[in-house]
Amino acid sequence: MSMHTHSDDRMACPSCDQLYDMSGLEYGQKARCGTCNHLLASYRKHAYAHVVAFSISGLIFFVLACRYPFMSFKSSGMESIMTLPQAITQIKGEGMWDLAILVACFILIIPALVMVLTGALGISLLAGWRNYWAKDVAKLIFHLQVWSMVEVFFIGVLVSLFKIAHMATVGIGIAFWSYAAFAIFFTLMLSNLDTFYTWKRLEELEP
Amino acid sequence: MSRVTAASKGLASCHLCQKVASVELDKCPRCGTALHSRKSNSLNRTLALLCTATILYIPANICPIMITDQLGSSIESTILGGVVLLIQMDSIPVAAIIFIASVMVPVGKLLSLFYLCWTVKFGSSVSSRQRTIAYRITELIGKWSMIDVFVVSILVALVQIGKVLVIRPGIASIAFAALVIVTMIAAEGFDPRLFWDKEEENHD
């Protein structure tokens, strides 16, 4: 084996700069930094197949979550039904367009974009395509994923349920459950996209 | 005993794709991101953003986050006011979630990052390992402060019963969202490897 292939297995801990040779890691194993306990990499079997599967399932639930009623609120004989896109336009209607844009980005636009891009990257890596866009897509995913707040939003939904349950009759719609499923698939998808192995594979597939 | 670090071998790890390459290169040979051994100017950047966040903390807590219009009368509630109201309603667990997410996490995050920056400059008796773990936790919990902003968003969208009962978002909601975003960027810009560099410097 040449020196060059060896060098691809090097990794420095992002938290303490300790240098490691990752070539000994096997399927199903995780590597933690011995100095600071930072999780360095997790080597999963069929990782890209899982990424693609979770991405497609998640996107189906995302469409349902946008399309159907999320929650309903009934008081004094009147009922208001809300879908997620309506929630955004309602905030904008109250004159808070900046808040509307932020919420739309954190709970819908960025998560959906990350899911589509990760699915595309997964297909490309799985098929072993040597294309020019895969690296740019990966860069975008690793930049954007920090700003997805799917799970935070879901806890927020549960808190608001408790807050208004005493005021009126609150109903839960199809979109509520779809969004919960979307959040789960989103988390599972990203947990299969390991930074170290994804970039290693991208380097192997350089056009 | 000195550790084998990337820096000690004249190497740098890419911030984005973690490729280990010679520190003399300007750009990561794999993904093209600018290559630095340490995040550039991280201490000053983090401190500047922390000051911004501290200023944003004032309107976020003084101004109303939510306005409830019920049959002609309107009630403004602040973040802490909302927590007090929930306690009066006997919803202790929900009050606890809001209090932790909206008060303890942002304040804790600001204090923790200020403290970590201070230890990089002046050293600390707390080990680098423990401070690195503290930093990781700070980074991880940051986005959970956004809960209250999402709660307000849902209530605004949902509670719209003609002229009888309407909930509107207050100015604090946007100030608080900005606070969370700024502290997230501050945490991301901080470089925990500075703890270890300082430690090694003291050993020599």
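The C-alpha centres of domain 1 of chain A and domain 2 of chain A lie 31 Å apart. The model is predicted: local features need pLDDT of at least 70 and side-chain atom pairs count only at pLDDT 80 or more, while totals for chains, interfaces and linings use all residues. Residues are numbered from 1 along each chain as its sequence is written, and chains are lettered from A and ligands numbered from 1 in the order in which they are written.

Domain 1 of chain A covers 1-43 and domain 2 covers 47-204; such bounds come from an automatic or database domain assignment. Between them, 7 residues of domain 1 are in contact with 5 residues of domain 2, where contact means that C-beta atoms, placed from the backbone, lie within 7 Å. On the domain 1 side, strand β4 (residues 39-42) of chain A gives the most, with 3 residues. Strands (E, at least two residues) and helices (H or I, at least four) are DSSP runs, numbered from the N terminus.

Chains A and B also meet, with 51 residues from chain A and 51 residues from chain B. On the chain A side, α6(A) gives the most, with 10 residues.

| Side | Nonpolar | Polar | Charged |
|---|---|---|---|
| Domain 1 of chain A, touching domain 2 of chain A | 5 residues | 1 residue | 1 residue |

Ala, Val, Leu, Ile, Met, Phe, Trp, Tyr, Cys and Pro count as nonpolar, Asp, Glu, Lys and Arg as charged, and the others, Gly among them, as polar.

Ile147(B) lies in helix α5 (residues 147-158) of chain B. Leaving aside neighbours within four places in sequence, Ile147(B) is in contact with residues including Val152(A), Ile155(A) and Ala101(B).

Technical notes: Two residues are in contact if their C-beta atoms, placed from the backbone, lie within 7 Å.
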